[in-house]
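Welcome! Please take a look at the structure below, and then we can walk through it together.

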Amino acid sequence: SELRRQGYEVGVLDADIPGPSIPKIFGLRDKPFQGKKGILPVETKTGIKAISMNLMTDDPSTPFIWRGPIVTNIIRQLYSDVDWGELHFLLIDLPPGTSDAPLTVFQSIPIDGVIVVSTPQDLSSMIVSKAINMAKKLNVPVLGLIENMSHIQCPHCSERIDLYGTSKARKMADDAGVSFLGS
C-alpha cells in the first residue's frame with residue numbers, strides 16, 4: 001500500500017496457493033475476468049492490482065488440494081496469463097519455507113529480489129533461515145528481512161508486550177548477512 005501511496009503502479013500476485021490471503025487482506029470479493037490481452041486482475045480501492053486463486057472460487061474456504069506440479073503451473077499462469085498492464089512493482093506473496101511455490105518463482109519469474117518476513121518464534125527463525133539460504137543458492141538477491149508481530153503496545157499504559165517472545169530478527173539478519181529492514 002505504501003508504494004501505491006507514493007504514486008507507483010503496483011500489482012500483487014498471491015502465490016501462496018494453499019493459503020491465499022491477499023483477497024482477505026485487501027477486502028476483495030470481485031472475480032477477475034478475461035480481457036483482450038489476458039485475465040484482468042481485480043483492483044483494490046486504492047488501485048493495487050491483485051490476483052489470487054481465492055478470487056476465482058465462489059467459496060473462499062474451498063481448499064486447493066493440489067500436488068507440486070499443479071501448483072507450479074498455476075503460479076506460472078497467474079504471472080503470464082494475467083494482463084498486469086504497466087506496473088512499477090509486482091509483489092509476489094509466497095508461502096513460508098522452501099516449497100514448490102518459492103522454487104517456481106525463483107526459477108521461472110524474473111525477480112529483482114526477495115524480502116523475507118519472519119516472526120519472533122523459534123520455529124519461524126528456522127524456516128526463514130532455510131528460505132534465505134534457498135534464495136542465496138539460487139542466486140536470488142535477498143533485499144532484507146522484516147519481522148512481523150514483533151510486539152504490541154498496551155493502549156492504556158504504553159508498555160511494550162512481546163507476545164511471541166523476544167525479537168530475534170536483527171541477529172538473524174546479521175547471521176545471514178542480509179539487511180534488517182525493521183520490525
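## Overall size and build

With 183 residues, a compact globule would have a radius of gyration near 16 Å, and the protein agrees with this because its own value is 17 Å. That radius is taken over C-alpha atoms, and the globule rule is 2.2 Å times the number of residues to the power 0.38. Along the principal axes, the C-alpha trace spans about 50 × 45 × 35 Å.

A word on what you are looking at: this is a predicted model, in which local features need pLDDT of at least 70 and side-chain atom pairs count only at pLDDT 80 or more, while totals for chains, interfaces and linings use all residues. Residues are numbered from 1 along each chain as its sequence is written, and side-chain values use heavy atoms, with hydrogens and water left out.

The protein has six helices and 11 strands; these are DSSP runs numbered from the N terminus (helices are H or I with at least four residues, strands are E with at least two). Of the contacts with a separation of 6 or more, 68% are between residues 24 or more positions apart, where contact means heavy atoms within 4.5 Å.

## Surface and charge

Of the 183 residues, 39% count as buried. Here buried means under 20% relative accessible area, exposed means over 50%, and partly exposed lies in between (1.4 Å probe, protein chains only).

There are 18 positive and 20 negative side chains, and the centres of the two sets lie 1 Å apart. Lys and Arg count as positive, Asp and Glu as negative, and His and the chain ends are not counted. Each charge is placed at NZ of Lys, CZ of Arg, CG of Asp or CD of Glu.

## Helix α4 and its neighbours

Helix α4 covers residues 100-108, and its buried residues are Ala101, Pro102, Thr104, Val105 and Phe106. What do they pack against? Their partners are α3 (68-80), β6 (89-93), β7 (114-118) and α5 (122-137).

Helix α3 also holds Gln77, which is partly exposed because its relative accessible area is 44%. The C-alpha atoms of Gln77 and Val128 are separated by 26 Å, with the two residues 51 apart along the chain.

## Two cysteines

The model has zero disulfides, a disulfide being a pair of cysteine sulfur atoms within 2.5 Å. For Cys154, the nearest cysteine sulfur is that of Cys157, 3.6 Å away. Cys154 has 17% relative accessibility and so counts as buried, whereas Cys157, at 49%, counts as partly exposed.
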